[in-house]
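User: I would like to learn how to read salt bridges and pockets in a model. Please take me through one.

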Amino acid sequence: MHTTILATFLEFSRTAVSMCGAAVLLFLIALWAAKTDIPRARGLDKIVVLSNLCFAIPLAVFGAEHLSGARFIMLAVPSYMPWRLFWAYLVGFALLSASLSIATKLQVRWSGLLFGIMMFLFVAMVHIPRVLASPSDRFAWVIVFREMAFAGGAWAFAGNAVRGHGENKLITVGRVLIAFAALFFSVWHFLHPTACPGVPLEKLMPAWIPGRLLIGYLTGAILLFAGASILLAKKTRKAAIYLGTWILLLVLFIYGPILIVQMSDPSTAVKVEGINYFADTLLFAGAILALASATPRTD
């Protein structure tokens, strides 16, 4: 019994360490790749040039989680799929490859396109069956719209990396998916304002965060107005910049302190949860900023 507990603890500890290590490494790589773009940008465009960084870091975090905790991750693979452990590892390597591609801005056309397809496969094979099994479960719906927004951001990257007719279609699809997610999330922020903001999942904002209701309602309002503007293609770039900047501020000033607190918890599962929430919301910000980057300045 003691040996089993020790093995489980070491496995999850390795997962938390690998996730943090992947985040730091990709941060340095993406920052180096953007070293010339950041000084040239002006105003809020400095936030837009961080879109690749914001998108790539979470992919590396989740990729490391898949590789180091594959035996736990494979439980989410549908039971009808053969070689469930193989798929957990394959997705881990795919996420790491996509994160390196997007961070370095190499072959983003393919990494963005394929990552978006993978997200839609997850929605169709994993998340939609959960929604159908329990239609009243709001968290299952949140995950569906979250994955669709991630796919939309990836396709915005892919569309921005190419020129021609296909570019407009990819960016348009990405714009619509991100807009739907923003509008759906805005409703849940108004209904559940104390939920952690951005992507309103199960976790509530801790009591030690001041102005929780204000943060929740303000986030809901920003999501509502920006989502409507993006859906209607009215001042899309400006709306995406403002929304992406707000979500990024939430990552830094809400999820950052939460992550610090949870990383100090003796439970490694709590550590992994804090990392996942931080990376999840950062990826949402990256998807929105990817749309801003792909939208012409004349919009």
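User: Which side chains meet in a salt bridge at 2.7 Å, N to O?

Analyst: Start with the general idea. Side chains of opposite charge can pair when their charged atoms come close. The rule for a salt bridge is a side-chain nitrogen of Lys or Arg within 4 Å of a carboxyl oxygen of Asp or Glu. Here Arg 146 and Asp 280 meet in that way, at 2.7 Å from N to O. Arg 146 sits in helix 8 and Asp 280 in helix 12, so the pair ties together parts 134 residues apart in sequence. Helices are DSSP runs of H or I with at least four residues, numbered from the N terminus; strands are E runs of at least two. The model is predicted: local features need pLDDT of at least 70, side-chain atom pairs count only at pLDDT 80 or more, and totals for chains, interfaces and linings use all residues. Residues are numbered from 1 along each chain as its sequence is written, and side-chain values use heavy atoms, with hydrogens and water left out.

User: Are Arg 146 and Asp 280 buried or exposed?

Analyst: Check the relative accessible area. Under 20% is buried, over 50% is exposed, and in between is partly exposed (1.4 Å probe, protein chains only). Both Arg 146 and Asp 280 are buried. They also belong to a network of salt bridges that includes Glu 147.

User: How many salt bridges does the rule give?

Analyst: The count comes to 5. One of them joins Asp 45 to Arg 237, with the closest N and O atoms 2.8 Å apart. Asp 45 is in helix 3 and Arg 237 in helix 11 (residues 236-263), 192 residues apart. Both of these residues are buried.

User: Which residue does Asp 37 meet in a salt bridge?

Analyst: Asp 37 meets Lys 105, at 2.5 Å from N to O. Asp 37 belongs to helix 2, while Lys 105 is in the loop between helix 6 and helix 7, 68 residues away. Asp 37 has 22% relative accessibility and counts as partly exposed. Lys 105 is partly exposed too, at 35%.

User: What is the volume of the largest pocket?

Analyst: First, the term. On a 1 Å grid over the protein atoms alone, a cavity is a set of points where a 1.4 Å probe fits but cannot get out; a pocket is an open set with protein on both sides within 12 Å along at least five of seven lines, and lining residues have an atom within 4 Å of a point. Points are joined across faces, edges and corners, and volume is the space filled by probe spheres set on them. The largest pocket holds about 1,500 Å³. It has 43 lining residues; closest to its centre are His 66, Ile 73, Ala 76, His 127 and Arg 146.

User: Which helix gives the most to that lining?

Analyst: Helix 7 does, with 9 residues. By class, the lining of the largest pocket has 30 nonpolar, 5 polar and 8 charged residues. Nonpolar covers Ala, Val, Leu, Ile, Met, Phe, Trp, Tyr, Cys and Pro; charged covers Asp, Glu, Lys and Arg; the others, Gly among them, are polar.

User: Which residues lie nearest the centre of the second largest pocket?

Analyst: Val 49, Asn 52, Lys 105, Asn 160 and Ser 293, from a lining of 18 residues. Its volume is about 430 Å³. Helix 8 gives the most to this lining, with 3 residues. The classes are 7 nonpolar, 5 polar and 6 charged.
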